[in-house]
Protein chains: 2
Amino acid sequence: MDSVTALGLIAGSLTTLSFAPQVVRAWRTRSTADLSLAMLIIFLAGILLWLAYGVVKEDLAIIAANSITAVLIGLILSIKAKHG
Amino acid sequence: MDSVTALGLIAGSLTTLSFAPQVVRAWRTRSTADLSLAMLIIFLAGILLWLAYGVVKEDLAIIAANSITAVLIGLILSIKAKHG
């Protein structure tokens with residue numbers, strides 16, 4: 001793997017894994033009132049378009065990061081939908 | 001501009017602008033308790049690495065999206081630092 005792809009994978013790991021503590025926090029507290037619903041929905045739409053962008057450009061880092069991020073944001077959205 | 005770059009810029013606009021309602025909400029309510037501090041810090045670190053990745057790959061969409069996102073996350077972090 002070239003160093004540029006490695007840089008992208010590290011970047012993607014950070015932005016993706018950053019949502020893990022948010023999922024844990026939302027799951028534990030069942031409190032997501034301070035999370036903007038508009039943010040979550042618009043962000044998820046953007047993540048899915050980044051995924052398409054990565055597929056078109058055949059960019060492994062972009063594909064990997066955005067597919068996992070989409071799942072995590074989906075989890076946060078489902079907690080917010082259930083508990084407000 | 002080619003259609004792939006356009007797709008990336010649309011994707012970047014969505015993920016970047018998604019943080020605007022979160023900034024507004026945090027600013028208005030001064031309440032960010034439900035936002036994970038770990039998420040914000042790790043996410044910002046990742047965004048800065050994505051910015052480096054975009055510069056190395058000379059990818060306009062990645063550079064534009066991540067430079068603006070870094071500013072917005074910085075704003076949210078400063079509100080959280082001040083108001084908890």
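This report describes the interface between chain A and chain B in a predicted model.

Residues are numbered from 1 along each chain as written, and chains are lettered from A in the order in which they are written. Local features need pLDDT of at least 70, side-chain atom pairs count only at pLDDT 80 or more, totals for chains, interfaces and linings use all residues, and side-chain values use heavy atoms, without hydrogens and water.

Chain A can be laid on chain B with an RMSD of 0.0 Å by a turn of 180° and a shift of 0.0 Å along the axis (least squares on C-alpha atoms of residues with pLDDT of at least 70 in both). That is the relation of a two-fold axis. The C-alpha of A:Asp34 is the nearest to the axis in chain A, at 2.7 Å. Both copies use the same surface, as 100% of the contact residues of chain A recur in chain B.

The table gives the interface values.

| Item | Value |
|---|---|
| Contact residues (heavy atoms within 4.5 Å), chain A and chain B | 37 residues and 37 residues |
| Buried area (accessible area lost, 1.4 Å probe, summed over both) | about 3,300 Å² |
| Salt bridges (Lys or Arg side-chain nitrogen within 4 Å of an Asp or Glu carboxyl oxygen) | two |

Carbon and sulfur atoms give 72% of the buried area. A:Asp34, A:Trp50 and A:Tyr53 supply 21% of the area that chain A buries against chain B, more than any other three residues.

One salt bridge joins the side chains of A:Lys57 and B:Asp59, at 3.2 Å from N to O.

Definitions and conventions. Buried area = accessible area lost by both parts, 1.4 Å probe.
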